[in-house]
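This report concerns a single protein structure. Please consult the sequence and the model side by side while reading.

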Amino acid sequence: MSAKLLSRFPAHIGLGARIDVETEFAGEMDWYMAYGERHKDDGLEGRLVSMHTFKESWPSWEMHPNGDELVLCVAGNLTLHQEHADGTTATVTLKPGEYIINPPGTWHTADVDDEATGVFITAGVGTEIRPRE
C-alpha cells in the first residue's frame, strides 16, 4: 500500500462500495473520456472523487444531469455560482471546510480571488460543458 495524491490520482467509487485508484490526471478531456469508458458498467451510481487547485476563475460552466456533486473547499476561498434547472440562481463563497451541493441539472462555475483548492465528488455521467460569457 502506498499513499496517493488526490490531485494527481483521482479515485472512483463504484458499485458495491468499491474504490479504484485512477490513472494520473492529465487535465484534458481525453482523460475524462477514458475514465468514463473504464467505469461505464457502474452507470449512474459511479462517482469521481478529485481535487483541483485553481489560480484563476473557471473559463466555463458545467452541469451534471444524473446526480448531485459535492464541492468541498479545502484551501483559499471558492465562490461558486449556480443556475438551477428552475431558473433560479445562487452564489456562495466557500471557506476551507465548507461545502455545497450542485443538484442534478444545475449549471455551475467558480471564481477565485487568489488561489483555492476544492475536493469534488461528482456523478459525471452525461456531464455537459458550455463557455462562460
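The coordinates come from a predicted model, and side-chain atom pairs are considered only at pLDDT 80 or more.

**Aromatic rings**

In one of them, the ring centres of Phe25 and Trp31 are 5.1 Å apart with the planes at 75 degrees; because an angle over 60 degrees counts as edge-to-face, the Phe25 and Trp31 pair is edge-to-face. Trp31 is buried, its relative accessible area being 7%. Trp58 and Phe120 also form a pair, and this one is tilted, with 6.2 Å from centre to centre and 50 degrees between the planes. Trp58 belongs to the loop between β3 (47-54) and β4 (60-63), while Phe120 belongs to strand β10 (residues 116-122), so this pair ties together parts that are 62 residues apart in sequence. Trp58 and Phe120 are both buried.

Phe25 and Trp31 also belong to a cluster, linked by ring pairs, that includes Tyr32 and Tyr35.

| Charged end | Ring | Distance to ring centre |
|---|---|---|
| Arg38 | Trp31 | 5.9 Å |
| Arg130 | Trp107 | 4.6 Å |

Trp31 therefore takes part both in the edge-to-face pair with Phe25 and in the arrangement with Arg38, whose charged end sits over the Trp31 ring.

Is Asn102 buried or exposed? Asn102, a residue of strand β8 (residues 99-102), has a relative accessibility of 1%, and because buried means under 20%, Asn102 counts as buried. Its side chain is in polar contact with the side chain of Gln82, at 2.7 Å. Apart from residues up to four places away in sequence, Asn102 touches Gly67, Asp68, Glu69, Val71, Leu80, Gln82 and His108.

Ser50 is located in strand β3. Ser50 is buried as well, with a relative accessible area of 5%. A polar contact of 3.4 Å joins the side chains of Ser50 and His52. When neighbours within four places in sequence are set aside, the residues in contact with Ser50 are Leu6, Pro10, Gly118, Val119 and Phe120. Phe120 is the residue that forms the tilted pair with Trp58.

Ala75 is found in strand β5 (residues 69-75). Ala75 is partly exposed, at a relative accessible area of 31%. Residues up to four places away in sequence aside, Ala75 touches Pro96, Glu115, Ala116 and Thr117. Between Ala75 and Gly126 the separation is 51 residues in sequence and 29 Å in space, taken from C-alpha to C-alpha.

**The largest pocket**

The largest pocket has a volume of about 1000 Å³. It is lined by 36 residues, and those closest to its centre are Met29, Tyr32, Glu62, Thr127 and Ile129. Which elements give two or more residues to the lining? They are α1 (29-38), β3, β4 and β10. The largest share of the lining, six residues, is supplied by β3. Tyr32, one of the residues closest to the pocket centre, is also a member of the aromatic cluster with Phe25, Trp31 and Tyr35.

Key:
Residues numbered from 1 in each chain as written. Predicted model: local features only at pLDDT ≥ 70, side-chain atom pairs only at ≥ 80, totals over all residues. Heavy atoms only, no water. Phe/Tyr/Trp six-rings, centres within 6.5 Å; stacked < 30°, edge-to-face > 60°. Buried < 20%, exposed > 50% of the residue type's maximum accessible area, 1.4 Å probe, protein only. Helix = DSSP H or I, 4+ residues; strand = E, 2+ residues; numbered from the N terminus. Lys NZ or Arg CZ within 6 Å of the ring centre and 35° of its normal. Polar contact = N/O pair within 3.5 Å; in protein donor to acceptor, adjacent residues only side chain to side chain. Contact = heavy atoms within 4.5 Å. 1 Å grid on protein atoms, 1.4 Å probe; cavity = no way out; pocket = protein on both sides within 12 Å on 5 of 7 lines; lining within 4 Å. Points joined across faces, edges and corners; volume = space filled by probe spheres on them.
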